[in-house]
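Please look through the sequence and the model shown below before reading on.

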Amino acid sequence: FKGRILLVSPVFSAAAFPIMEGPRLKIRKSRRKGANALELEVASALYDLELNHPNLKNTLMPFNFHSAKEVVVDGSKKVILVHYPLRFIHKLRRMHKTLVAELEKKFSGRHIIFVAKRDIIRKPKRSSQKIPRTRTVTKVNERTLEDICFPLDIVGRRWKHKVGGHKVFKVFFDAREKDKAEPRLEAFAAVYKRLTHFAVSFGFMTNPLLQQFL
């Protein structure tokens, strides 16, 4: 072949470079190989909505999630808790109502709760070292509770200190949202305790400005 230039195309086998299935792309890259059965179900449901639901297609296209877990409520009811990257929080909240309604049709009998993944930075040993306020345990727990309860607005929070050092945390919603909130309160409490190890109870205010309770 003297004086000639040969162009040789490399041959790649399908086994060496497997094609990634569509639904698996909804799971974060670091979690795809070790995804459990529930995560694959959630990924498949999200991918199906992305392809077939006209109002969710554009918003769901870049969306993916970290993990999906089942949380048991009162020994019988179950909640699917989905953790997703914090950068998607605004996108998810815009489509939250429709997305949760569609997923709960697919996972009949189970509530769906989305919580953004936030990192906690522990208090440094040296007092001179500062950490961002948004990364403290208190602030992360507050934001986690807001994610769990969304789209309900929290209008009040109370800590009661009982004899013996025991603390009771109570959260209040607007009384006008009572009918919408009550079926989900047990699920909210179970998920919050699972994530923060703190118990929480819920109530309603008829007039948040005047702190009037039901």
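The points that follow go from the overall chain to its cores, a strand hairpin and some individual residues.

The structure is a predicted model. Its protein chain contains six helices and seven strands. Of the 214 residues in the chain, 36% are buried.

**Overall architecture**

- Read from the N terminus, the elements of the protein chain follow the order α-α-β-β-α-β-α-β-β-α-α-β-β.
- Among contacts in the protein chain with a separation of 6 or more, 59% are between residues 24 or more positions apart.
- The protein chain exposes about 14300 Å², and 53% of this area is supplied by carbon and sulfur atoms.

**Nonpolar cores**

- The largest nonpolar core has 27 residues. Those that touch the most other members are Val42, Phe63, Phe65, Tyr84, Leu99, Leu103 and Phe114.
- Two or more residues of this core come from each of H1, strand S2 (77-85), helix H3 (89-106) and strand S3 (110-117).
- A second, separate core comprises 22 residues, including Val73, Leu81, Ile113 and Phe204.
- When residues up to four places away in sequence are not counted, Val42 touches Phe65, Ala68, Ile80, Val82 and Phe107.

- Phe114 belongs to strand S3.
- Is Phe114 buried or exposed? Phe114 has a relative accessible area of 2%, under the 20% limit, and therefore counts as buried.
- Not counting residues up to four places away in sequence, Phe114 touches Phe63, Val82, Tyr84, Leu92, Leu99, Val100, Leu103 and Asp147.

**Lys26, a buried lysine**

- Lys26 is located in the segment before helix H1 (37-52).
- The relative accessibility of Lys26 is 2%, which is under 20%, so Lys26 counts as buried.
- Which residues are in contact with Lys26, leaving aside its neighbours within four places in sequence? They are Ala43, Leu46, Tyr47, Glu50, Leu60, Met61, Phe63, Asn64 and Phe65.
- Phe63 and Phe65, both in contact with Lys26, are also among the residues of the largest nonpolar core that touch the most other members.

- Strand S4 and strand S5 (residues 167-174) run antiparallel and are joined by seven bridges.
- Across this pairing, Gly156 stands opposite Phe172 in S5.
- The two strands, S4 and S5, form a hairpin with five residues between them. In the turn, Gly164 has a positive phi of about 100 degrees.

**Backbone features in loops**

- Phe150 and Pro151 are joined by a cis peptide bond, with omega about 10 degrees.
- Pro151 is placed in the loop between helix H4 (137-149) and strand S4 (154-161).
- His197 is not a glycine, yet its phi is positive, at about 70 degrees.
- The position of His197 is in the loop between helix H6 (185-196) and strand S6 (200-207).
- Because its relative accessibility of 68% is over 50%, His197 counts as exposed.

How values were computed. Residues are numbered from 1 along each chain as its sequence is written. This is a predicted model: local features need pLDDT of at least 70, side-chain atom pairs count only at pLDDT 80 or more; totals for chains, interfaces and linings use all residues. Side-chain values use heavy atoms; hydrogens and water are left out. Helices (H or I, at least four residues) and strands (E, at least two) are DSSP runs, numbered from the N terminus. Buried means under 20% relative accessible area, exposed over 50%, partly exposed in between (1.4 Å probe, protein chains only). Contact means heavy atoms within 4.5 Å. Accessible areas come from the Shrake-Rupley method with a 1.4 Å probe; for residues, only the protein chains shown count as cover. A nonpolar core is a set of buried Ala, Val, Leu, Ile, Met, Phe, Trp, Tyr and Cys residues joined through side-chain atoms within 4.5 Å. Two strands pair if DSSP finds at least two bridges between them.
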